[in-house]
Amino acid sequence: MIRHLLSTRDLSRTSAIALLDTAEDMAALGARENKKLPALRGKTIVNLFYEDSTRTRISFEVAQKRLSADVINFSARGSSVSKGESLKDTILTLRELGVDGVVIRHPSSGAPQLLAERDWIDVPVVNAGDGTHEHPTQALLDAFTLRKEVSGDDSRGRGLDGARVVIVGDVFHSRVARSNIWLLEHLGARVTVVAPATLIPSGAERWPITVSYDLDAALSEPVDAVMMLRVQSERMREAFFPNAHEYAQGWGLTEERFARLAPSTLIMHPGPMNRGLEICSAAADSSQSVILQQVANGVFVRMAVLYSILTGTSEVSHE
Ligand code: CP
């Protein structure tokens with residue numbers, strides 16, 4: 001059983017499939033009238049968010065409450081971080097207040113690893129997105145969504161062997177892309193990454209992917225899912241493409257490209273979306289889109305992660 005969830009690169013295929021299977025159990029619970037499990041009663045979890053979030057933060061909180069944990073929500077904005085308090089002093093303070101687990105989002109790549117490795121606090125740490133490094137629970141919920149669509153009710157115990165996924169857009173700044181690339185590799189999927197050359201990071205040649213700069217060519221082959229990435233303007237200190245129109249024409253899922261996709265190709269996006277830039281509304285709101293299923297599945301996957309890490313088992317007990 002894993003102690004922390006810091007990245008998907010370090011997650012074995014066996015551990016990843018166990019988490020996806022536990023998430024199936026959590027999804028079954030979600031269909032009950034009483035959606036709560038007593039599993040984490042008496043445990044306190046802090047959601048330590050140094051960056052803005054809607055989906056991740058709220059779905060972690062929903063997951064924690066469904067598992068009966070006590071929840072502390074901490075935003076860097078409005079806290080003593082704005083007075084200059086360090087990550088170390090913040091976490092030492094939380095330790096003294098008595099927390100049993102930390103979920104952290106931080107703009108610095110490696111911040112969750114720091115918490116897990118230093119002796120500031122001795123509790124499980126879950127990475128909710130660190131800089132441009134990783135966003136492991138996003139990749140797990142993406143894989144859960146994809147596995148359900150590809151394998152249906154028969155998905156338990158399975159990976160994504162042979163599935164073909166095209167990841168498109170701002171790979172350079174995307175922790176979602178990095179976590180997906182490693183997890184999809186562990187699960188046996190084939191990944192093509194498409195972006196303008198300026199948005200493919202150096203080192204990508206060592207990733208288990210095919211790189212393309214031509215979205216139409218990549219989508220001319222049958223694909224199970226196309227995952228559009230958000231253009232992360234807030235992380236761009238220089239121009240990575242000429243303008244929004246040229247980006248959309250070259251690498252956006254436009255209405256023309258959407259019309260050419262096979263009806264079976266799933267459309268994914270981690271959110272939040274820049275409609276009209278990386279994805280058109282016709283595609284985002286279509287019956288091929290699983291973007292809202294990704295959001296819903298985020299609760300089940302985060303329940304599975306917290307349950308497994310904090311109880312030390314992936315077997316779901318209703319006691
Ligand atoms: N996908 C994702 O991380 O969204 P939020 O930034 O809203 O959490």
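1. Thr 254 sits in the loop between α8 (244-251) and α9 (255-260). Helices here are DSSP runs of H or I with at least four residues, strands are runs of E with at least two, and both are numbered from the N terminus. Thr 254 counts as buried, at 12% relative accessibility. Buried means under 20% relative accessible area, exposed means over 50%, and partly exposed lies in between (1.4 Å probe, protein chains only). Leaving aside neighbours within four places in sequence, Thr 254 is in contact with Ala 248 and Cys 280. Contact means heavy atoms within 4.5 Å.

2. A word on the basis of these points. This is a predicted model, in which local features need pLDDT of at least 70 and side-chain atom pairs count only at pLDDT 80 or more, while totals for chains, interfaces and linings use all residues. Residues are numbered from 1 along each chain as its sequence is written, and side-chain values use heavy atoms, with hydrogens and water left out.

3. Overall build. The protein chain has 11 helices and 9 strands. A compact globule of 319 residues would have a radius of gyration near 20 Å, and the 19 Å of the protein chain agrees with that. The radius is taken over C-alpha atoms, and the globule rule is 2.2 Å times the number of residues to the power 0.38. Along its principal axes, the C-alpha trace spans about 55 × 50 × 35 Å. Buried residues account for 56% of the 319 residues. Take contacts between residues at least 6 apart in sequence: 75% of them join residues at least 24 apart.

4. Domains. The protein chain divides into domain 1 (8-135 + 295-311) and domain 2 (137-294). These bounds come from an automatic or database domain assignment. The domain centres, taken over C-alpha atoms, are separated by 25 Å. To the contact, domain 1 gives 35 residues and domain 2 gives 36 residues.

5. Cores. The largest nonpolar core has 90 residues. Met 26, Leu 140, Ile 167, Leu 253 and Leu 306 have the most contacts inside it. Such a core is a set of buried Ala, Val, Leu, Ile, Met, Phe, Trp, Tyr and Cys residues joined through side-chain atoms within 4.5 Å. Helix α11 (residues 291-311) supplies the largest share, 11 residues. Both domain 1 and domain 2 give residues to this core, so it lies between them. A second, separate core has 18 residues, including Val 46, Leu 48, Ala 76 and Trp 120.

6. The four-stranded sheet. An open sheet of 4 strands has the order β2-β1-β3-β4, with parallel pairing. Two strands pair if DSSP finds at least two bridges between them. The edge strands are β2 (70-75) and β4, each pairing on one side only. Neighbouring strands are turned by 10° against each other on average, direction ignored. Strands β1 (residues 44-49) and β3 (residues 101-106) run parallel and are joined by 5 bridges. Ile 45 has Gly 101 as its bridge partner in β3. Helix α2 (residues 55-66) packs on the sheet and touches β1, β2, β3 and β4. The direction of α2 makes about 165° with that of β2. Axes are lines fitted to C-alpha atoms, for helices over the stretch in contact, and angles run from 0 to 180 degrees between N-to-C directions.

7. Strands β5 and β6. Strand β5 (residues 164-168) pairs with β6 in the parallel sense over 5 bridges. Val 168 has Val 194 as its bridge partner in β6. In strand β6 (residues 190-194), 4 of the 5 residues are buried, so the strand is largely enclosed by the rest of the structure.

8. His 135. This residue lies in the loop between β4 (125-130) and α5 (136-151). His 135 counts as buried, at 3% relative accessibility. Beyond neighbours within four places in sequence, His 135 is in contact with residues including Thr 56, Arg 105, Arg 175 and Arg 302.

9. Backbone points to check. Most residues other than glycine have a negative phi, and most peptide bonds are trans. Ser 68 has a positive phi, near 70°. Ser 68 is in the loop between α2 and β2 and is buried, with a relative accessible area of 15%. A cis peptide bond joins Gly 271 and Pro 272, with omega about -10°. Pro 272 is in the loop between β9 (266-268) and α10 (281-284).
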